[in-house]
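Q: Can you walk me through this structure? Keep it short, please.

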Amino acid sequence: MNQNLFSLAWRETVRSAYWGKSLATNIALGILALYFSVNFLILGLYVPKILNESFPNADLVSKFNSIVLAYFAIDLIIRQLMQKLPTVSFKPLLLQNIRRRTIANYLLTRSVLNFFNVLPFFLLVPVAINLVSETHTGTATAVWFLSLLILIFSNHLLAIYLKWRFNEAEYGFIILLVALAGLFAINHFGIIDFSGGMGKLLDLILLYPAISIALLLLPVLLYFLNVRFLLSRMFINMLSAKQKEEKIRDYSWLDRLGENGRFIALELKLIWRNKRPRSLAMLSVLFLSYGLLIYRPQHGQQEIPDFLFILGGILLVGMFSVSYGQFFPAWHSNYFSMLMCQRLTMKQFLRSFYMLVTVISVSCYFLTLPYALLYPKIIYTHLAMLLYNLGVNIPIMFWSGMYSKKRLDLSQSSAMNYQGVSATQWLGALPLMLGPISLFYLFKLAFGTIGGYAALGTLGLIGILFHSLIIDFFSKQYRKQKHQLIRNYKNS
Amino acid sequence: MLQIQNLIKAYNKEIVLNIPELTIEKGEIFGLVGNNGAGKTTLFNIVLDLITASKGQVISKGIIVRESEDWKDFTGSFIDETFLIGYLTAEEYFGFIAGLRRMSKTETSIFLETYTDFFNGEILGKKKFIRDFSKGNQKKVGIVAALMGKPEIVVLDEPFANLDPSSQYKLRKLIKNFAVQNGTTFLISDHTLENIADVSTRLIILEKGKIVRDVPKTETTLQDVEAFFKPVVEAEMF
């Protein structure tokens, strides 16, 4: 039976339109996976050295053991953001002669095959060989390794359980973050030493390997928690959206803006009422704090390099417009043919998008101005990037949008969501990010640093001045592409 | 009102629609029947310029739909649920379409009032997004939206499917009244022969992309059409 289910899952993956990722997406994901694996491997090889430098004369193995808990906490958060739930569509299975428990077991077993469960090995294997086995017997090392394996597996099950829960209540993730932060604080200020406790436990396992059997309780418990949850939800009415009254916000004040207002209202409703654009918008808000990471003197260097200011400008001021605009006009793909039957001009469609992005980018500019306290030049570097974004990047996105290939499923979260991503997005992202950086260095050669920023800003200003011509041009192009777009959205 | 000339649609050299000549008069309720794959939806999509024809053209009130967009001013349509914006409430959706069709707020509410009976209290005033509506109610929203702004041509693909029996009766009456009152031309397809035979003033049977029957409505239309679709095997058995 399980074999049957697995072959079903295999076909679902291979044949699913959602999963029919483009080659470009697969390559990019492959590179990302490789990058993380190599990083973990290198980290694993250097762990003994790093620990030795930080804690000379200490027992390195027990030091390592005492950080393990912090790793699992971070792992849990990252899994919430990036790991996908094993969502085999079990609706057709419910009618078949399969026990519900079999389906639940199967869903959980399948979920184990996940990159996040493989990644830690790149770190743990070198640590086990280089660090632990140096001072401990082979059996002790092996049992220590197995214990960590059990813990990884438990964390995986916990992550899935929480994610299923958060699927029903979106604020759950915030609660988790707050709870973890609270635990971190308790730990940090030495009220209760959680990580030390975990470290001691692992130390003990190295001394008395038999204790590790107790650890097995953890995954077993979590497994049954998951199964119980799944069994209680495996009904069709639980699958569909909850039938509750929606809080409906009134957007009629936007009608005062006339025709454009109507479309801006539509865009706002689109963003606010659908999971994918909403999570994207929240991410953009989170990105405003990204400046704390990049606008910080690197050690050994006084001044941070120019390209970081450019990158910061794009990401902080233009995160929303770039990530939202990348999928323009596919946000409207679900009802695109209806729009094409209406008396709306492409011009209005493009212009309202332009207006929305302008308002948001300008607000982001003002919101990020406090960074000028760190580096006063941010006042003009961000301004240059704001202008560049509106004048150059948006037309580029209009252009790449003409070749938009795939329908977007609005109901899924945007993190690690590659549904509707095609080569267009990957290729389109390059000029958006690398374009201004390379242009800047080109201009810098000619006009100096400040001249470089001024030139970027001027380019943007030209684009803004001619924006109605640009919109006219693209509305003609989009009209020509109309049938192609309809066909693409229908076939994906 | 609507002329179709030398229309051919082919996918990979397989002809799915081939209509050399078809004229639909003003005020006609034009019913289209045919089995799956007969080309009904394809024809409607070409009329709405959603897909391009391989050859030939559709002329709507003198406008070649492929070349100008002016036909949109007087054409309402509902093909399937992808014509709805799932994350809006019914009122918001009607408001959005009303704006595109240049109807004022008062006009819109007067217009919607006339459909109170058809809506059966399940559409308006619900704090629910269209995506959470049942299929039948989604259909009602789409059909009524297609009638907004006094269109002269209305294209409805399988409007009766998914509707409950009383709503099907109401819809028949609704379409007939709308056509009489406004002189609107309707293009309707459906699989329920009874509905389509009742509502339309002219019936066409499509088979494998070709028109095989074209009859004005008479007393015996329903029997004729039913006879056409009945499997031949059945006759041989007796």
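Q: What should I know before we start?
A: This is a predicted model: local features need pLDDT of at least 70, side-chain atom pairs count only at pLDDT 80 or more, and totals for chains, interfaces and linings use all residues. Residues are numbered from 1 along each chain as its sequence is written, chains are lettered from A and ligands numbered from 1 in the order in which they are written, and side-chain values use heavy atoms, leaving out hydrogens and water.

Q: In what order do the strands of the chain B sheet come?
A: The order is S6-S7-S8-S3-S9-S10, an open sheet of 6 strands with mixed pairing. Helices (H or I, at least four residues) and strands (E, at least two) are DSSP runs, numbered from the N terminus. Two strands pair if DSSP finds at least two bridges between them.

Q: Which strands are at the edges?
A: Strands S6 (75–78) and S10 (210–216) of chain B, each pairing on one side only.

Q: In which sense do S3 and S9 of chain B pair?
A: Parallel, over 4 bridges. Val33(B) has Ile205(B) in S9(B) as its bridge partner.

Q: Which strands does helix H8 of chain B lie across?
A: Helix H8 (residues 221–229) lies across S3, S9 and S10 of chain B, at about 5 degrees to S9(B). Axes are lines fitted to C-alpha atoms, for helices over the stretch in contact (heavy atoms within 4.5 Å). Angles run from 0 to 180 degrees between N-to-C directions.

Q: How far apart are the closest N and O atoms of Glu53(A) and Lys49(A)?
A: They are 3.9 Å apart. Both residues sit in helix H2 (residues 23–54) of chain A, 4 residues apart, so about one helical turn separates them.

Q: Is Glu53(A) buried or exposed?
A: Exposed, at 59% relative accessible area. Lys49(A) is partly exposed, at 48%. Buried means under 20%, exposed over 50%, partly exposed in between (1.4 Å probe, protein chains only).

Q: And what does Arg172(B) meet in a salt bridge?
A: Glu194(B), at 3.7 Å from N to O. Arg172(B) is in helix H6 and Glu194(B) in helix H7 (residues 193–199) of chain B, 22 residues apart. Arg172(B) is buried, at 10%, while Glu194(B) is partly exposed, at 44%. Shared partners join Arg172(B), Lys176(B), Glu194(B) and Asp198(B) into one network of salt bridges.

Key:
Salt bridge = Lys/Arg side-chain N within 4 Å of Asp/Glu carboxyl O.
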